[in-house]
Amino acid sequence: MSVGRRQQPHVVVVGGGLAGLAAAAALAESRCRVTVLEARRRCGGRAASFEDPVGGGLVDACQHVAMGCCTNFLDLCRRADLDDALRRDRTLWFIGPDGDRSRCTPSRLLPAPLHLAPLLLGMRHFSIAEKYALGWGMLRLARHRPADRPDAVTALEWLRSIGQPEKVIRLFWQPVIESALGESIDLVGVAAARKVAVDGFLAHRDAADLIVPTEPLGRLFGERLVRWLEAAGVVVSGGVIVTEIERTADGRAVAVRCGEESIACDAVVLAVPWKAAGRLVPDVVPNVAEHLAGSPITAVHLWFDRDVIDVPHAVLVGRVSQWVFRGEAEAGSRGHCQVVISASRGLMQGDRQKLVDQVVAELREVFPAALGAELRDAKVVTDPTAVLSVRPGVDAQRPAATTGVPNLFLAGDWTATGWPSTMEGAIRSGRIAAAAAGRSVGTDVPTVVPDLPKNPLVRLITAG
Ligand SMILES: Cc1cc2nc3c(=O)[nH]c(=O)nc-3n(C[C@H](O)[C@H](O)[C@H](O)COP(=O)(O)OP(=O)(O)OC[C@H]3O[C@@H](n4cnc5c(N)ncnc54)[C@H](O)[C@@H]3O)c2cc1C
C-alpha cells in the first residue's frame with residue numbers, strides 16, 4: 001500500500017506540458033497530494049521558449065495565441081494570476097496579395113453573429129459579392145451537421161461543394177483554418193473547420209478576440225505557473241523521465257518508475273504526447289501512433305536592426321508567410337519579429353536559407369520599414385509534430401481520459417476533448433483527466449469551464 005493511501009490520495013501527473021499542469025492545478029483544489037514529473041528541465045512542453053541569440057532573454061520557439069473562446073485557457077491564467085501577461089486584441093489585420101491592408105474588428109455592440117458584419121465588410125481584398133459569399137459560407141458551415149453526413153470530407157472539398165469562390169477559399173478560409181488548426185485545408189476534416197467557424201467566430205461577440213501572451217511562454221508557464229502550483233502544494237520535478245507505470249497483476253497502477261526510483265501513487269494522469277503514451281502503456285493505447293498523425297509548424301525568427309512591423313500581428317494572405325507577429329516581451333527583442341507557417345511540410349524543399357530569403361522579401365513588400373532595415377540574424381524553428389492533424393474521422397481515434405485501467409487517465413491535446421490540438425484543448429484534457437482521477441480516489445475535482453454562452457439566434461443557427 002502506498003504512503004498516499006494512509007494519508008491523502010497521491011496522484012502522479014506524468015508530463016509537465018499544459019495538459020499536465022492544468023491537471024495538477026485542478027487536483028490541487030481537492031484533498032489530493034499531487035506530484036508532476038516532467039522529463040525536461042523546464043515545464044511547459046510545446047509551449048516553450050529559447051534564449052534570444054542577439055539581445056538575450058527568452059523568445060518563444062513559436063508564437064502561441066489563444067482566442068476569446070478559449071474559456072479554460074483564460075480561466076487557468078486568471079486563477080494562476082497570469083492574466084496580466086495576456087493582451088486581448090480585437091482587431092485582426094489581413095494584408096492582401098497586393099499589399100492592401102484590411103483592419104477587421106468585430107462589433108462590441110451588435111449581438112452574435114451580427115458582430116461579424118464589420119469584420120467581413122472590412123476585408124478590402126474582397127468584392128461585395130465575395131463578402132456575401134463568405135458570410136453565406138460561414139452560415140452554411142455552422143448549419144452543417146457532421147452527424148447527418150459522417151465527417152468523411154475535407155474542409156476544402158466541402159467548401160467547394162457549396163460553391164465557395166476559389167478566391168474566398170484561398171484568401172480567407174485557407175489562412176484562417178490553417179492557422180487555427182495547424183493543418184492544411186485539403187487535409188483537415190469539415191467538422192474541425194466547423195468548430196473554428198462556430199466557436200472561434202460566430203458563437204459570441206468575444207469569441208474571435210486574439211489572446212496574445214506578452215511574456216515568453218517559458219516564463220509564463222515554465223516559471224510563473226509552476227511557482228503558483230508549488231505554492232498550492234503541488235510538487236513539480238523537472239528532469240525526471242518516467243520509464244514505466246507499475247501495475248499489479250489485476251492491472252491497477254501502483255507506482256511510477258523513473259529509472260531506479262519508484263514513486264507510489266493512488267492514481268496516474270498520463271499527460272504525454274501520443275507516441276510517449278504508446279511506449280509507456282502500449283496495451284492502453286494500442287497502435288495509437290498508426291492512427292494519429294502530426295502536422296508541422298514552422299516559425300521563422302528574424303532580428304532586424306530596428307522594428308519593422310508596424311502592427312502587432314497580421315495575416316499575410318496568398319504568400320508563403322502566413323502570420324507575422326511583432327516581437328513581444330523581453331527587453332532585447334527590439335527588431336525581432338516572427339513569421340509562423342502552419343502545415344509546413346515540404347516548405348521550400350527544406351532549404352532554410354531560401355525560406356528566410358523568401359520571408360524577408362515578403363515582409364519588405366508589405367512593411368516599408370523593412371526595406372531599409374538590416375537583417376542581423378535569423379532562426380528557423382520547425383516542430384514536425386506540432387499539433388495533431390485533425391483529418392476526417394480523427395475524432396473516432398482520439399482516446400478518452402478514462403482507460404481500461406481504473407486509476408490511469410490520459411490527458412494531452414491529442415485526447416478526445418472535441419477541441420483541436422491547442423493550448424485550450426490541452427488544458428481541457430488535463431481538467432477532464434483530473435476530474436476522473438479525483439473520482440477514482442473518492443474526491444471531487446473541478447472539471448471543464450463551460451464555453452462562452454450562445455444567444456438564441458446563434459443557437460438557432462448552429463442548432464446547438
Ligand atoms: C510550433 C507550435 C505552434 C503552436 N501554436 C499554437 C497556438 O498558436 N495556439 C495554441 O493554442 N496552440 C498552439 N500550439 C499547440 C500547443 O502548444 C499544444 O497543443 C499544447 O502545448 C500541448 O500541450 P500538452 O500538455 O498536451 O503536450 P506537450 O506540450 O507536448 O507536453 C507533454 C510533456 O510531457 C513530457 N514527457 C514526455 N514523455 C515523458 C516521460 N516519459 N516522462 C516525463 N515527462 C514526459 C514532455 O517533455 C512534455 O513536456 C502550437 C504548438 C507548436 C509546436
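Predicted model: local features only at pLDDT ≥ 70, side-chain atom pairs only at ≥ 80, totals over all residues.
Start with the overall division.

Now look at how domain 2 and domain 3 meet. Eleven residues of domain 2 and twelve residues of domain 3 take part in the contact. The size of an interface is often given as the accessible area lost when the parts come together. Here domain 2 and domain 3 bury about 740 Å² between them. Carbon and sulfur atoms account for 59% of that area. On the domain 2 side, S179, G182 and E183 stand out: they supply 46% of the area that domain 2 buries against domain 3, more than any other three residues.

The interface between domain 2 and domain 3 also holds one salt bridge. As for E183, its side chain forms a salt bridge with that of R345, with N and O 2.9 Å apart.

Next, turn to helix α3, residues 71–79. How many of its nine residues are buried? Seven are, and the helix is mostly covered. The buried ones are T71, N72, F73, L74, D75, L76 and C77. What do they pack against? Their partners include helices α2 (18–27), α9 (217–231) and α14 (423–440). Strands β5 (66–67), β6 (86–89) and β9 (210–213) are packed against as well. After α3 comes D81, which has a positive phi, near 60 degrees.

The last stop is helix α15, residues 456–462, where I461 is found. Is I461 buried or exposed? I461 counts as buried because its relative accessible area is 15%, and the cut-off for buried is under 20%. Beyond its neighbours within four places in sequence, I461 is in contact with P113, L139, A142, R143 and R145. G412 is 49 residues away from I461 along the chain, and their C-alpha atoms are 31 Å apart.

L110 belongs to the loop between β8 (101–104) and α4 (117–121). Its relative accessibility is 35%, so L110 counts as partly exposed.

Notes
Residues numbered from 1 in each chain as written. Heavy atoms only, no water. Helix = DSSP H or I, 4+ residues; strand = E, 2+ residues; numbered from the N terminus. Buried < 20%, exposed > 50% of the residue type's maximum accessible area, 1.4 Å probe, protein only. Contact = heavy atoms within 4.5 Å. Buried area = accessible area lost by both parts, 1.4 Å probe. Salt bridge = Lys/Arg side-chain N within 4 Å of Asp/Glu carboxyl O.
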